[in-house]
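Reader: Hey, I'm new to this one. Could you show it to me and walk me through it?

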Amino acid sequence: MLLQEILKHNEQFVENKEYVPYEATKMPQKRMVIVSCMDARLIELLPKALDLHNGDAKILKTAGGTITHPFGSIMRSIVTAVYELNAEEIYVIGHHGCGMSQSNPKGTLQKILDRGVASQEILSALEYAGIDLHKWLFGFDNVIDSIKGNIELVRNHPLIPKDIPVHGLTIAPDTGKLDVIVDGYKELSLNVN
């Protein structure tokens with residue numbers, strides 16, 4: 001049982017004070033907040049590729065690294081990071097080969113039906129109530145367009161200061177190589193002129 005393995009490890013971790021090297025404050029030392037994909041390959045790779053250590057940044061993980069609603073939990077976390085945790089820069093980091101670029105809402109809904117979690121009647125009722133499950137489950141067609149769309153959502157959000165740089169990057173999930181899609185510093189200087 002995985003939970004028991006985790007708890008056994010945790011007991012030893014705490015008892016041996018293995019947490020000491022990771023002690024940090026809640027304020028990000030590099031004053032940044034990152035929105036990235038929940039891809040398991042990025043758990044250790046992303047921080048290493050960005051030279052981040054415990055306490056350096058607020059990292060928000062979501063399917064596809066996407067912000068699906070301007071007043072959803074990801075944007076709430078960004079706003080909180082800016083106003084309460086002293087974040088001064090925002091990074092949206094996606095990656096090529098993301099599972100959300102190959103999402104199949106129809107297939108996902110069929111799996112929900114097959115597992116007996118919901119019936120066709122429940123799915124129909126949700127659709128009737130105005131919830132577009134296909135749109136909600138769909139990721140994106142192009143990671144670059146997705147990153148740019150997320151940046152626009154953040155940059156144009158009524159609660160985000162206009163002097164906060166919002167950067168967009170891709171990370172290669174096999175090598176950690178970063179490519180800049182949008183340089184938030186350049187975007188700020190364009191908006192000033």
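**Contacts and overall layout**

Author: In the protein chain, 70% of the contacts with a separation of 6 or more are between residues 24 or more positions apart; a contact means heavy atoms within 4.5 Å. This is a predicted model, where local features need pLDDT of at least 70, side-chain atom pairs count only at pLDDT 80 or more, and totals for chains, interfaces and linings use all residues. Residues are numbered from 1 along each chain as its sequence is written, and side-chain values use heavy atoms, with hydrogens and water left out.

Reader: OK, how many helices and strands are there?

Author: The protein chain has 8 helices and 5 strands, counted as DSSP runs (helices: H or I, at least four residues; strands: E, at least two) and numbered from the N terminus.

Reader: And what order do the elements run in?

Author: Starting at the N terminus, it goes α-β-α-β-α-β-α-α-α-α-β-β-α.

Reader: What share of the residues is buried?

Author: Of the 193 residues in the protein chain, 35% are buried. Buried means under 20% relative accessible area, exposed over 50%, and partly exposed in between (1.4 Å probe, protein chains only).

Reader: Switching topic: where is tyrosine 19?

Author: Tyrosine 19 sits in the loop between helix H1 (2-15) and strand E1 (32-37).

Reader: Why isn't tyrosine 19 called buried or exposed?

Author: Because its relative accessible area is 31%, tyrosine 19 counts as partly exposed.

Reader: Last one: what box do the C-alpha atoms fill?

Author: Roughly 55 × 50 × 35 Å, taken along the principal axes.
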